[in-house]
Amino acid sequence: MNWPTFLSPVAAGIAAAVTLPLLFLLYFLRLRRRPAKVASTLLWKKAVQDLEVNAPFQKLRRNLLLFLQLLVLIALLLALGRPGVLSDNRPGKTVLLLIDHSASMNAQDGTKGGKTRLDEAKARALEIVNQLSRGARGMVIAFDSTAQIVQPMTTDPNLLRYAIDTIRPTDCPTRIKNAFDLAEAQSAFIPEQLRAQQRPEVWVFTDGRAADIAEASISADVKYQQIGKATSANLGIVAAAGRRNYDNPTEVQVFARLINAGPSPATADLQLLVDGRPARTTSVTIPPSRWDAVQRQTWMDAGNKAVDSQAFSLDLAQAATLDLRLIGAFDDVLPADNAVALLIPPPRPLSVLLVTDGHNAALERAMTSLGTGIAKRDKMDTETYLANPPMGAGAGYDLILFDNFRPTADKLPSAGNFVYFNTIPPGLTTKGEEKSGALLTHPGAVKFIDWQREHPLLRDLSLGRIVLQDSLVVKTTVHTEVLAEGPDGPLIFLERQPHRLHLVIAFDPVASTWVTESSWPAFLALAVRYLSAQANLEVPESLAPGSAPRLPDLVVQRMASRPKELKLALPDHTSVSVAVPPTGDVPLPRLNYVGLYQLTPPVPGFEQFAVSMLDEQESDINPAASLPGSGGQTAVKAGQSKTRLDLWWYLVALGALPILMLEWWLYSRRARV
């Protein structure tokens, strides 16, 4: 219970010392009346009473009027002392309501019936609005990664209530400094006389999960309304990435890091889906992130195994959508961080150059049959190549094929992917036997005796029936990756160099039965796919909620015709229209929610956007114990902030005035009697 306190007890005491004795003195000392003759002795008793009243000192008798006058005087004296009580939630004359609607505020641990933290924050903000005194001013600011004014400063509580009700949740991270800066700027417009009477109050409704919380400050009285429960449990994926294997570009490696923001260890299943179909599932047991090193080690010493990160590997040569999901029966109040989407781009179509002195019909037919796998096909003879080699990272070619032609070291591009038929280039650690500058061969017909059947370049290919003639004599090293070999040594091998990948076929396919087999065009198709994936090793990361991507003008120009608008499909199956300007980049709206976004008509390279939370600060839903306030002080939590409520007006309006009216009515009625 909060007992009343007085701001001016000394003034009230001095006034009481003066007025109370005067009241009694005025009651005792009445004016003497003049003597008068009466016609009857019946009036003697009345005369005696009058004499007693006019006597300066006498015994105090009960008198209702005196009692009422004392009550009026006491009420006025108490009002003069300015009594008041400290209220937990009573707002001042100028309040700024800052409501957090970021991802962590979607946690379903509200105090009322499992509602979200945002629901609880809005309910508390409405309570503050309902307690505003007459003429008080207020405004509403909503914030996540940005801050916006939902309702400017107003004295109308109905507008404040409507603004609070319109705030909707997002999956964006929290940046409280933006909200404080905006509130500080708005406070500058408050009249100076109001600021002098009482500093503005900034009521912050949040769980305090903000990355920039230490940078936030404001020149106002900050009242932190802590939202959320420290006992709530949550598992989440806080980091995820994918990339293609450098040694095997068709292999995609996916990494994920997990967090347990609850008070106790939890177990769940981490599932990887490819285009919506389950591909891998593994069980994970994660200790609480709030544990210190000693607690974690004690738990592990008891025979428990912590699995808070996981890696998956799968073969994926084409475009796909990967989904990582936490599934299973586990306590969780925040669903937004339980799923992550990764968009695996398709292998980039290659620009291919064939360098040959002859008409290799088998090779050219195989290259033509690849269709969309190759976007550009050029042919060049060796003389032209030597005169003007495509230098500088391949000069626009992703793949160069050398047919029975051995380029010199100074004629080979500094970067790129290369395929050699019946020759070994200079500069490799893998060498070919030479005599008089010519490569030596193993004469005679041979067959493949072994090959790497699981390698992406040879997968599902049958090479056992192929007969070839005169293979090169090859000296391998530790850097040689042999893919297929015959009785005399390697027949197909890879060697990697910085920014270069060399694929060598150490015989002439035309002088073999391979070109008559179905495995020949299949091998070239696998080689193109493998090398195109090599050119796109990195898997794009998911966008963060709140991102506002832009479509580059050059990309939009590649469309068949420039549309006037695009349709952006949202994760909730609704869509919004995006106006396309006649020129320049196309700005997209903020992507505030996790999930997949899709553009119609598709824009090359920007057909889909994957938005994932991946924010450890937001997934850690344990409410912050404190929040920076004004002047470097720490704001207090709800229930600890005290606002003074003056009671003097209630003493005057509900105490002194009604009693004074009653005293006047009794006095006038008695006078008539």
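Predicted model: local features only at pLDDT ≥ 70, side-chain atom pairs only at ≥ 80, totals over all residues.
**Exercise 1. Glu481 and its partner**

Solution. Next, look for the partner: Glu481 forms a salt bridge with Arg496, and the closest N and O atoms are 3.9 Å apart. Now place the two on the chain. Glu481 belongs to strand E26 (residues 481-486) and Arg496 to strand E27 (residues 489-497), 15 residues apart, so the pair links distant parts of the chain. Finally, check Arg496: with a relative accessible area of 19%, Arg496 is buried.

**Exercise 2. A pair within a helix**

Task: What separates Glu120 and Arg124 in helix H4, and are they buried or exposed?

Solution. Begin with the helix: H4 covers residues 117-130, and because Glu120 and Arg124 are four residues apart in it, about one helical turn separates them. Their side chains meet in a salt bridge of 2.8 Å, N to O. Both residues are buried. To widen the view, count the salt bridges: there are 15. A network of them links Asp109, Arg117 and Asp207.

**Exercise 3. A charged residue without a salt bridge**

Task: Which side chain of opposite charge is nearest to Asp323, and how far away is it?

Solution. Find Asp323 in strand E13 (residues 320-327). Asp323 is buried. The nearest side chain of opposite charge is that of Arg325, 4.4 Å away. A salt bridge needs a nitrogen within 4 Å of a carboxyl oxygen, and Asp323 has none. What does Asp323 touch instead? Leaving aside neighbours within four places in sequence, its contacts are Gln271, Leu272, Leu273, Val340 and Ala341.

**Exercise 4. A covered strand**

Task: How many of the six residues of strand E6 are buried, and which strands pair with E6?

Solution. Take the cover of E6 (residues 201-206) first: six of its six residues are buried. Then sort them by face. In a regular strand the side chains alternate between the two faces of the sheet. On one side of E6 are Glu201, Trp203 and Phe205, and on the other are Val202, Val204 and Thr206, all buried. Now turn to the pairing. Strand E3 (residues 94-100) pairs with E6 in the parallel sense over five bridges, and Leu97 stands opposite Trp203. Strand E7 (residues 221-226) also runs parallel to E6, joined by six bridges. There, Val222 is the bridge partner of Val202.

**Exercise 5. The whole protein**

Task: How many helices and strands does the protein have, and what percentage of its residues count as buried?

Solution. Count the elements: 14 helices and 37 strands. Then the cover: of 673 residues, 45% count as buried. The protein exposes about 34000 Å², with carbon and sulfur atoms supplying 56% of that area.

Notes. Residues numbered from 1 in each chain as written. Heavy atoms only, no water. Helix = DSSP H or I, 4+ residues; strand = E, 2+ residues; numbered from the N terminus. Buried < 20%, exposed > 50% of the residue type's maximum accessible area, 1.4 Å probe, protein only. Areas by Shrake-Rupley, 256 points an atom, 1.4 Å probe, with all protein chains shown as cover. Lys, Arg positive; Asp, Glu negative; His and termini not counted. Contact = heavy atoms within 4.5 Å. Pairing = 2+ DSSP bridges.
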